[in-house]
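Morning, everyone. I have one structure to walk through today.

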Amino acid sequence: MSTLSPWLNPPLVELLRQRGHAWLLQGPSGLGQYELALALAATWLCEEPTGQGACGHCGSCHAIEVRTHADLCVLMPEVAMMELGWPLDEKSQADIDDKKRKPSKEIRVEAMREAVGFAQRTSARGRGKVVLVYPAERMNSITANALLKTLEEPVGDVRFVLASEAAWQLLPTIRSRCIGFTLPWPAAEQGQAWLVEHGVAANDASALLRAAGGRPSDALRQARAGGSPKAWSLLPKAMARGDVAALADQAPAQAIDALQKLCHDLMAVGQGAAPRFFEPADLPPAPTGIALARWSKSLANAARTAEHPFNAGLMLEALVSEARTTLHSSPRRP
């Protein structure tokens, strides 16, 4: 089994002490919800568990490592299943291979119905069964309702662990049937050390962690995608110039995320608070509060269609043009 991130070890120990049949692990992205959920599931199913987690060497742990455990049902969007190495069912894999459809970005109701059937079957290894749902907010209302009755009245020895990066999007009836647990933020030193252990240059770790808002997994993803601390520091003034090239290598969703971080920091500075994602010296003067509020709302609207824009190039140009207009509105007076 892979080693758990250091800031997740105390939460795992705490969760293992609790009794219940359904947990909701929640918090912002990049804190390790999936990692903690899988460690929890592995310990529940482990043949030689300890108070600190799974043993890592028994047959059950090996089966999870190679993604073949008969008593673990993983529910994810197909794109996430493929990214994290979980096999799809034969029909879904065949449909995608034959180009009949693209991998789903939501948890499909068909997969949920299969999970409900799984929950009603007898455990194969005798340690109970686990259903892991991640990211849980990717269930639409039909899929969530298919889970609801089983979550409320589970049959046999089955436990559920839902992991979410946007728990407020879940149905209230789903949230109310789970024991909620909010993941802790790692200390900056922990996050930086973890990034260095994963191959990020020590000189870049602090800046990338700041750009990710203190979320180590997001910072690592940014580093592996070629994210440069230097380019990040130059982004605010590039937007003030209307330089589309500064975001040219970003998908629309990534570009919107970067602009939302810039908008957040300018709002903070405008109110006399410290910026979170950028160094103060990298920011242009804060525009008016009205201009920033309008920009924030527009970015939120754009985010809703970011995964399927009509034309990504035109969308990017429009985003940068709006950023430039906002940043050139009358700055606040000291």
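First, a term: the expected span of a helix is 1.5 Å times one less than its number of residues. Keep in mind that this is a predicted model.

Now apply that to helix α12, residues 229-241. The helix has 13 residues. From first C-alpha to last, α12 reaches 19 Å, close to the 18 Å expected. There is a bend, though. A kink of about 45° lies at L235, shortly before the proline P236.

Look at the two ends. At the start of α12, a side-chain oxygen of S228 comes to within 3.2 Å of the backbone nitrogen of K230. After the helix comes G242, with a positive phi near 75°.

Which residues of α12 are buried? They are P229, W232, S233, L235, P236, A238, M239 and A240. So the kink residue L235 and the proline P236 are both on the buried list. What covers these buried residues includes α10 (202-211), α11 (216-224), α13 (252-270) and α15 (312-327).

Buried or exposed? A258 counts as buried, at 6% relative accessibility; the cut-off for buried is under 20%. Leaving out residues up to four places away in sequence, A258 touches W232, L235 and L247. W232 and L235 are among the buried residues of α12. For a sense of distance, the C-alpha atoms of A258 and L147 are separated by 35 Å, and these two residues are 111 apart along the chain.

On to the sheet. It is open and has 5 strands, in the order β2-β3-β4-β1-β5, with parallel pairing. β2 (72-75) and β5 (179-182) stand at the edges. Each has a single partner strand, so one side of each is left without a neighbour in the sheet. On average, neighbouring strands are turned by 15° against each other, direction ignored.

Zoom in on one pair. β3, residues 129-133, and β4, residues 158-164, pair in the parallel sense over 5 bridges. V131 stands opposite F160 in β4.

Last stop: E78, in helix α4, residues 78-83. How is this glutamate placed, buried or exposed? E78 is buried, with a relative accessible area of 6%. What does its side chain contact? The E78 side chain makes a polar contact with the side chain of R101, at 2.7 Å. Beyond four places in sequence, E78 touches L88, S92, I96, R101, K102, P103, S104, E106 and R108.

That's the tour. Over to you.

Note on methods:
Residues are numbered from 1 along each chain as its sequence is written. This is a predicted model: local features need pLDDT of at least 70, side-chain atom pairs count only at pLDDT 80 or more; totals for chains, interfaces and linings use all residues. Side-chain values use heavy atoms; hydrogens and water are left out. Helices (H or I, at least four residues) and strands (E, at least two) are DSSP runs, numbered from the N terminus. The bend at a residue is the angle between axes fitted to the seven residues ending there and the seven starting there. Buried means under 20% relative accessible area, exposed over 50%, partly exposed in between (1.4 Å probe, protein chains only). Contact means heavy atoms within 4.5 Å. A polar contact is a pair of N or O atoms within 3.5 Å; within protein, one must be able to donate a hydrogen and the other to accept it, and residues adjacent in sequence count only if both atoms are side-chain atoms. Two strands pair if DSSP finds at least two bridges between them. Axes are lines fitted to C-alpha atoms, for helices over the stretch in contact, and angles run from 0 to 180 degrees between N-to-C directions.
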